[in-house]
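Welcome, and please take a moment to look over the sequence and the fold shown here. After that, we will walk through a few spots together.

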Amino acid sequence: MPRDDAGAKMFFERAAKQENHFAEYALGKLHADETSPFFDETKAADWFERAAEHGNGFAKYRLAKCFLNGKGRAVDAGSAARLFVEAAQASDVSVRRFAAPWAKYQLGKLYIRGNGVPKDWAKAEELLRSAAQDGNEFAQRLLQRRAQWHRLGPMDAALGVIGSLCRMFETSVPRIRPRCMYLDRKRRRELEQKQRALGHAENDFEPQM
(Lines give C-alpha, C1' and ligand atoms only; values in the text may rest on other atoms or scores of the structure.)
Protein backbone atom coordinates (compact mmCIF):
# COMPACT_ATOMS: atom_id res chain seq x y z
CA MET A 1 0.00 0.00 0.00
CA PRO A 2 1.14 3.59 -0.55
CA ARG A 3 2.36 5.35 2.56
CA ASP A 4 -0.46 7.22 4.28
CA ASP A 5 0.58 8.73 7.60
CA ALA A 6 -2.82 10.32 8.16
CA GLY A 7 -4.58 7.00 7.66
CA ALA A 8 -2.14 5.19 9.92
CA LYS A 9 -2.55 7.84 12.60
CA MET A 10 -6.34 7.53 12.47
CA PHE A 11 -6.35 3.76 12.99
CA PHE A 12 -3.60 3.81 15.62
CA GLU A 13 -5.55 6.44 17.57
CA ARG A 14 -8.68 4.28 17.44
CA ALA A 15 -6.74 1.37 18.92
CA ALA A 16 -4.98 3.64 21.44
CA LYS A 17 -8.37 4.72 22.81
CA GLN A 18 -8.76 1.10 23.89
CA GLU A 19 -5.36 1.33 25.65
CA ASN A 20 -3.62 -0.86 23.10
CA HIS A 21 0.01 -0.28 24.01
CA PHE A 22 1.25 -1.41 20.58
CA ALA A 23 -0.83 1.36 18.99
CA GLU A 24 0.41 3.88 21.57
CA TYR A 25 3.98 2.90 20.78
CA ALA A 26 3.29 3.13 17.03
CA LEU A 27 1.91 6.65 17.49
CA GLY A 28 5.09 7.56 19.36
CA LYS A 29 7.17 6.32 16.44
CA LEU A 30 4.97 8.22 13.97
CA HIS A 31 5.48 11.50 15.83
CA ALA A 32 9.21 10.77 16.26
CA ASP A 33 9.68 10.26 12.51
CA GLU A 34 11.25 13.39 11.03
CA THR A 35 9.88 12.48 7.58
CA SER A 36 6.29 12.40 8.85
CA PRO A 37 3.99 15.44 8.61
CA PHE A 38 3.09 14.68 12.24
CA PHE A 39 6.66 14.98 13.52
CA ASP A 40 6.50 16.30 17.07
CA GLU A 41 9.07 15.18 19.64
CA THR A 42 6.93 16.13 22.64
CA LYS A 43 3.93 14.16 21.36
CA ALA A 44 6.24 11.26 20.55
CA ALA A 45 7.52 11.19 24.13
CA ASP A 46 3.95 11.48 25.44
CA TRP A 47 2.86 8.40 23.47
CA PHE A 48 5.99 6.47 24.41
CA GLU A 49 5.23 7.28 28.04
CA ARG A 50 1.65 6.05 27.76
CA ALA A 51 2.78 2.83 26.09
CA ALA A 52 5.53 2.36 28.70
CA GLU A 53 2.99 2.77 31.50
CA HIS A 54 0.97 -0.01 29.87
CA GLY A 55 4.01 -2.29 29.85
CA ASN A 56 5.48 -1.88 26.37
CA GLY A 57 9.20 -2.64 26.63
CA PHE A 58 10.09 -1.03 23.29
CA ALA A 59 8.39 2.18 24.43
CA LYS A 60 10.39 2.11 27.67
CA TYR A 61 13.59 2.02 25.64
CA ARG A 62 12.51 4.84 23.32
CA LEU A 63 11.27 6.97 26.24
CA ALA A 64 14.62 6.43 27.96
CA LYS A 65 16.32 7.79 24.83
CA CYS A 66 14.00 10.82 24.95
CA PHE A 67 15.16 11.56 28.52
CA LEU A 68 18.77 10.87 27.62
CA ASN A 69 18.85 13.11 24.55
CA GLY A 70 16.40 15.80 25.65
CA LYS A 71 13.94 15.07 22.84
CA GLY A 72 10.40 15.78 23.98
CA ARG A 73 11.50 15.62 27.61
CA ALA A 74 13.96 17.54 29.75
CA VAL A 75 17.31 15.76 29.99
CA ASP A 76 17.10 13.36 32.93
CA ALA A 77 19.75 10.63 32.92
CA GLY A 78 18.36 9.13 36.11
CA SER A 79 14.95 8.51 34.53
CA ALA A 80 16.67 7.22 31.41
CA ALA A 81 18.69 4.72 33.47
CA ARG A 82 15.55 3.49 35.27
CA LEU A 83 13.74 2.89 31.99
CA PHE A 84 16.77 1.18 30.42
CA VAL A 85 16.80 -1.21 33.39
CA GLU A 86 13.12 -2.00 32.87
CA ALA A 87 13.66 -2.60 29.15
CA ALA A 88 16.69 -4.77 29.83
CA GLN A 89 14.71 -6.90 32.28
CA ALA A 90 11.58 -7.26 30.14
CA SER A 91 10.02 -10.71 29.92
CA ASP A 92 8.57 -10.26 26.42
CA VAL A 93 10.53 -12.39 23.93
CA SER A 94 10.66 -9.72 21.21
CA VAL A 95 11.78 -7.04 23.64
CA ARG A 96 14.48 -9.32 25.04
CA ARG A 97 15.69 -10.07 21.53
CA PHE A 98 15.72 -6.57 20.04
CA ALA A 99 15.55 -3.93 22.79
CA ALA A 100 17.25 -5.53 25.79
CA PRO A 101 20.77 -5.71 24.25
CA TRP A 102 20.59 -2.01 23.36
CA ALA A 103 19.24 -1.12 26.81
CA LYS A 104 22.18 -2.94 28.42
CA TYR A 105 24.58 -1.17 26.06
CA GLN A 106 23.12 2.22 26.99
CA LEU A 107 23.23 1.38 30.69
CA GLY A 108 26.83 0.30 30.35
CA LYS A 109 27.73 3.68 28.88
CA LEU A 110 25.92 5.48 31.70
CA TYR A 111 27.89 3.50 34.29
CA ILE A 112 31.16 4.28 32.49
CA ARG A 113 30.43 7.99 32.66
CA GLY A 114 28.64 8.07 36.00
CA ASN A 115 25.72 9.75 34.25
CA GLY A 116 22.43 9.28 36.10
CA VAL A 117 23.99 6.39 38.04
CA PRO A 118 27.17 6.11 40.13
CA LYS A 119 30.30 5.55 38.07
CA ASP A 120 30.96 1.81 38.17
CA TRP A 121 33.20 0.31 35.50
CA ALA A 122 32.73 -3.23 36.87
CA LYS A 123 28.95 -2.91 36.47
CA ALA A 124 29.44 -1.35 33.05
CA GLU A 125 31.60 -4.28 31.96
CA GLU A 126 29.00 -6.77 33.22
CA LEU A 127 26.23 -5.06 31.25
CA LEU A 128 28.31 -4.67 28.11
CA ARG A 129 29.37 -8.33 28.18
CA SER A 130 25.73 -9.38 28.48
CA ALA A 131 24.77 -7.07 25.60
CA ALA A 132 27.67 -8.40 23.49
CA GLN A 133 26.56 -11.98 24.17
CA ASP A 134 23.12 -10.97 22.92
CA GLY A 135 24.68 -9.79 19.66
CA ASN A 136 25.29 -6.06 20.21
CA GLU A 137 28.43 -5.29 18.21
CA PHE A 138 28.87 -1.82 19.72
CA ALA A 139 29.00 -3.29 23.20
CA GLN A 140 31.72 -5.66 22.01
CA ARG A 141 33.72 -2.81 20.48
CA LEU A 142 33.37 -0.76 23.65
CA LEU A 143 34.65 -3.68 25.73
CA GLN A 144 37.68 -4.00 23.47
CA ARG A 145 38.53 -0.36 24.18
CA ARG A 146 38.18 -0.45 27.96
CA ALA A 147 41.51 1.36 28.41
CA GLN A 148 39.99 4.40 26.66
CA TRP A 149 36.80 4.66 28.72
CA HIS A 150 38.15 7.67 30.58
CA ARG A 151 37.89 9.64 27.31
CA LEU A 152 34.11 9.23 26.95
CA GLY A 153 33.16 11.85 29.54
CA PRO A 154 35.12 14.79 28.09
CA MET A 155 34.02 13.87 24.55
CA ASP A 156 30.36 13.89 25.59
CA ALA A 157 30.83 17.29 27.18
CA ALA A 158 32.34 18.66 23.95
CA LEU A 159 29.45 17.31 21.87
CA GLY A 160 26.96 18.80 24.32
CA VAL A 161 28.55 22.25 24.08
CA ILE A 162 28.57 22.11 20.29
CA GLY A 163 24.93 21.01 20.24
CA SER A 164 23.96 23.90 22.52
CA LEU A 165 25.82 26.38 20.32
CA CYS A 166 24.07 25.05 17.22
CA ARG A 167 20.66 25.49 18.84
CA MET A 168 21.60 28.99 20.01
CA PHE A 169 22.63 30.04 16.49
CA GLU A 170 19.48 28.49 14.99
CA THR A 171 17.17 30.47 17.26
CA SER A 172 19.00 33.76 17.75
CA VAL A 173 21.11 34.32 14.63
CA PRO A 174 19.28 32.69 11.69
CA ARG A 175 20.98 34.84 9.06
CA ILE A 176 24.42 33.28 9.69
CA ARG A 177 23.14 29.76 10.30
CA PRO A 178 24.59 28.12 7.15
CA ARG A 179 28.18 29.16 7.90
CA CYS A 180 28.03 28.34 11.62
CA MET A 181 26.22 25.08 11.05
CA TYR A 182 28.88 24.04 8.55
CA LEU A 183 31.70 24.67 11.02
CA ASP A 184 29.86 23.04 13.92
CA ARG A 185 28.88 19.99 11.89
CA LYS A 186 32.46 19.52 10.74
CA ARG A 187 33.77 19.56 14.31
CA ARG A 188 30.86 17.42 15.54
CA ARG A 189 31.54 14.86 12.81
CA GLU A 190 35.19 14.58 13.92
CA LEU A 191 34.16 14.00 17.53
CA GLU A 192 31.48 11.48 16.55
CA GLN A 193 34.02 9.54 14.51
CA LYS A 194 36.24 9.32 17.59
CA GLN A 195 33.27 8.15 19.66
CA ARG A 196 32.38 5.44 17.14
CA ALA A 197 36.00 4.27 17.33
CA LEU A 198 35.38 3.79 21.06
CA GLY A 199 32.29 1.72 20.36
CA HIS A 200 29.68 4.46 20.44
CA ALA A 201 26.86 3.84 17.96
CA GLU A 202 25.92 6.70 15.65
CA ASN A 203 22.28 5.64 15.97
CA ASP A 204 21.68 3.99 19.31
CA PHE A 205 18.38 2.27 18.70
CA GLU A 206 17.61 -0.89 16.82
CA PRO A 207 15.95 0.13 13.48
CA GLN A 208 13.35 -2.63 13.75
CA MET A 209 12.01 -1.36 17.06
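Let's begin with Glu19, whose place is in the loop between helix 1 (5–16) and helix 2 (21–32). Helices here are DSSP runs (H or I, at least four residues), numbered from the N terminus. Keep in mind that this is a predicted model, where local features need pLDDT of at least 70, side-chain atom pairs count only at pLDDT 80 or more, and totals for chains, interfaces and linings use all residues. Residues are numbered from 1 along each chain as its sequence is written, and side-chain values use heavy atoms, with hydrogens and water left out.

- Glu19 has a positive phi of about 60 degrees although it is not a glycine.
- For background, most residues other than glycine have a negative phi.
- Is Glu19 buried or exposed? Its relative accessibility is 52%, so Glu19 counts as exposed (exposed means over 50% relative accessible area, buried under 20%, and partly exposed in between, with a 1.4 Å probe and protein chains only).
- Asn56 lies in another loop, the one between helix 3 (41–53) and helix 4.
- Asn56 counts as buried because its relative accessibility is 2%.
- Leaving aside neighbours within four places in sequence, Asn56 is in contact (heavy atoms within 4.5 Å) with His21, Phe22, Tyr25 and Ala51.

**Phe48 in helix 3**

- Phe48 lies in helix 3, and with 1% relative accessibility Phe48 counts as buried.
- Apart from neighbours within four places in sequence, Phe48 is in contact with Tyr25, Gly28, Lys29, Ala32, Ala59, Arg62, Leu63 and Cys66.
- Phe48 and Leu27 are 21 residues apart in sequence, and their C-alpha atoms are 8.0 Å apart in space.

**Helix 4 and its partners**

- The axes of helix 4 (residues 57–69) and helix 5 (residues 77–88) come within 8 Å and cross at roughly 160 degrees. Axes are lines fitted to C-alpha atoms, for helices over the stretch in contact, and angles run from 0 to 180 degrees between N-to-C directions.
- Helix 4 and helix 5 are therefore roughly antiparallel to each other (angles over 145 degrees count as roughly antiparallel, under 35 as roughly parallel, 65 to 115 as roughly perpendicular and the rest as oblique).
- Among the residues making this contact are Tyr61 and Leu63 of helix 4, and Leu83 and Phe84 of helix 5.
- Helix 4 also packs with helix 6 (residues 93–113), at an angle of about 25 degrees and with the axes 9 Å apart.
- That angle makes helix 4 roughly parallel to helix 6.
- The contact of helix 4 with helix 6 includes Phe58 and Tyr61 from helix 4, and Phe98 and Trp102 from helix 6.

**The largest nonpolar core**

- The largest nonpolar core has 42 residues (a nonpolar core is a set of buried Ala, Val, Leu, Ile, Met, Phe, Trp, Tyr and Cys residues joined through side-chain atoms within 4.5 Å).
- Which residues have the most contacts inside this core? They are Leu63, Phe84, Tyr105 and Leu128.
- Helix 3, helix 4, helix 5, helix 6, helix 7 (121–133) and helix 8 (137–144) each supply at least two residues of the core.
- The largest share, nine residues, comes from helix 6.
- Not counting residues up to four places away in sequence, Leu128 touches Tyr105, Gly108, Ile112, Ala139, Leu142, Leu143 and Trp149.
- In soluble globular proteins, nonpolar side chains tend to be buried together.
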